Amino acid sequence: MSGGPVRLLVLWCPDWPVVAAGGAAGTPPQAPAAVFSANRVVTCSAAARRSGIARGMRRRDAQSRCPELVVHQHDPDRDARLFEPVAAAVEQHAVGVEVVRPGIVAVPVAGAAGYFGGEEALAELLITEVEAHAGVECQVGIADGLFAATLAARRATFVPPGGAAGFLAALPVAALDQPGEERGELVGLLQRLGLRTLGAFAALAEREVAGRFPRDAITAHRLARGLAQRPPVRRALPPDLAITETFEHPLERVDEAAFVAKTLGERFFAGLARHGLACTRLTITALTEAGEERVRAWRCAEPLTARATADRVRWQCEGWLTVGDGDRPSAGIVRLTLDPEEVVGGQALQLQLGSIGRDADAAERAGRALVRIQGLLGPDAVVTPLLDGGRGPAERVRLVPWGEPRRPMLEDRPWPGRLPVPSPALVPSRPPVAAVLDAARDVVRCSERGELSYPPATVAIGDGLPRRVLATAGPWIIRPALPGQDRGPLARLQVVLEGDGGDVAQLLTGAVGADPHWTAEGNYD
């Protein structure tokens, strides 16, 4: 069983969420439009990009650049439902059609290209059929492997067999961060290390990548080298991985399909998990009351969770039940079968910490809930902490709105005077005032040369009683961290204070000069 990538044709509909939203709302296709989630641009049309709008931009900024911008809300169900006619048009002329995500469909080249007289003839035929039957424009690319073929489709390029690695080598490393794969942090790290092309990343030894980068970097490294995303599973698979559900009352409504999809998704995921497996290629088969059969394959960049499986079942049933009269089944669905056509070891499914010990897709549900909160209260209402560059513990923590790329902005700068490890366990948002006195009860001051006026004898923090100083370290002089900061040099001092329940270590900060105004910046206890 070879681990080499299969030669694929990928058909890509540019800006599909915008196209689908515009088709559902009836807006003119040439109008500048954008799809938003949590008040940030998910996708925008070519006309909007010409006005300076880009992915990730805030809604307020986008509308200020283009006042006539048509605003749509992100709706994955709508995108998947309206993409079904595109997949059906491709399926009329090729077998093994796989929906990667709404807007992208992949087809194995070998059989279809031989039947229609070559790869170029097949590509021209599919472009014509999609435009005629679905009414949308598309681009086609052909290459070895899904990753290379997808990037080739975005450039309308046919990569010769065996040439995927050479084609990928010149592309920017940012190409690894495809929608739904969340490799923004890895891309940022590679760029800071000077690895700005896929070729530079691919030149690293696989052993070095495994030892020095996060786990998902191994998969990204294989893709950059033009290899299959994962090595094949080389053990015999259990015969009972597929599940089938039969219905006494045919499914004819979308809400019925949604309820069934959730139950099937959980059963399907649990069945694979019992064997230590996860699915990356799912085939959904529906049988109608009139004996009609519908089949669709979904390929996924990451192993499917229970929620992701349910989403694809729901999307597919909704697409079948709501497509045009010519393709809609004549009767309701009486049987659904989920068949995992491609599986990987279950360790490839990395669950978030919050999902351990609970439902497998708990982290995904939490993410959806946070997005809804942002929709109600604004994008800055939900934030996550990120460790960034800086000298002090407080200035190194940056709060990033949920959904934005978590990329350090200042970490690659030199930080002379940075506080050594370990960092304080508690850093107050508003540091309390500290009275630092010497043995004569005078305020301890620090000169610009880093010399204390007298050794500190007692320290009182806030309204607390003075405590005897048992040990000190420092001081260290801190210059302004960034250009333009309006402050003079500061002195940082570590002290160990005597306490009734045990000694307490504190981090003190004060201004250099006659009026230090000491504060307790952190507590090590």
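Modeller: A helix axis here is a line fitted to C-alpha atoms over the stretch in contact, and angles are taken between N-to-C directions. Keep in mind that this is a predicted model.

Biologist: Thanks! With that in hand, at what angle do helix H1 and helix H4 pack?

Modeller: H1 (residues 16-25) meets H4 (residues 76-91) at about 90°, and the two axes are 9 Å apart. An angle of 65 to 115 degrees counts as roughly perpendicular, so that is how H1 sits relative to H4.

Biologist: Which residues make the contact?

Modeller: From H1 come Trp16, Pro17, Ala20, Ala21 and Ala24, while H4 brings Arg78, Asp79, Leu82, Phe83 and Val86. Sorted by class, eight of the contact residues are nonpolar, two are charged and none is polar.

Biologist: Let's turn to the sheet. How should I read the strand order?

Modeller: In general, strands of a sheet pair through backbone hydrogen bonds, either parallel or antiparallel. In this model eight strands make an open sheet with mixed pairing, ordered E7-E1-E6-E5-E10-E9-E11-E8. Strand E7 (139-144) and strand E8 (243-251) are at the edges with a single partner strand each, so one side of each has no neighbour in the sheet. From one strand to the next, the twist averages 25°.

Biologist: In which sense do E1 and E7 pair?

Modeller: Strand E1 (residues 7-12) and E7 are antiparallel, over six bridges. For a pair to look up, take Leu9, whose bridge partner in E7 is Ile142. Lying across E1 and E7 is helix H6 (residues 119-133), which runs at about 25° to E1.

Biologist: And empty space? How many cavities of 30 Å³ or more does the structure hold?

Modeller: Rolling a probe the size of a water molecule over the atoms shows where empty space is left. The structure holds one cavity of that size, and the largest cavity has a volume of about 40 Å³. Its lining includes Phe83, Glu84, Arg296, Trp298 and Trp315. H4, strand E10 (293-299) and helix H14 (306-322) each give two or more residues to this lining, with the largest share, four residues, coming from H4. By class, the cavity lining has six nonpolar, two polar and two charged residues.

Biologist: What volume does the second largest pocket have?

Modeller: The second largest pocket has about 520 Å³. It is lined by 22 residues, and those closest to its centre are Pro14, Asp15, Val19, Pro29 and Ser45. H1 and helix H2 (46-50) are the elements giving two or more residues to the lining, and H1 gives the most, four residues. The pocket lining divides into eleven nonpolar, eight polar and three charged residues.

Notes
Residues numbered from 1 in each chain as written. Predicted model: local features only at pLDDT ≥ 70, side-chain atom pairs only at ≥ 80, totals over all residues. Heavy atoms only, no water. Axes fitted to C-alpha atoms, helices over the stretch in contact; angles between N-to-C directions. Parallel < 35°, antiparallel > 145°, perpendicular 65-115°, else oblique. Contact = heavy atoms within 4.5 Å. Nonpolar A, V, L, I, M, F, W, Y, C, P; charged D, E, K, R; others polar. 1 Å grid on protein atoms, 1.4 Å probe; cavity = no way out; pocket = protein on both sides within 12 Å on 5 of 7 lines; lining within 4 Å. Points joined across faces, edges and corners; volume = space filled by probe spheres on them. Pairing = 2+ DSSP bridges.
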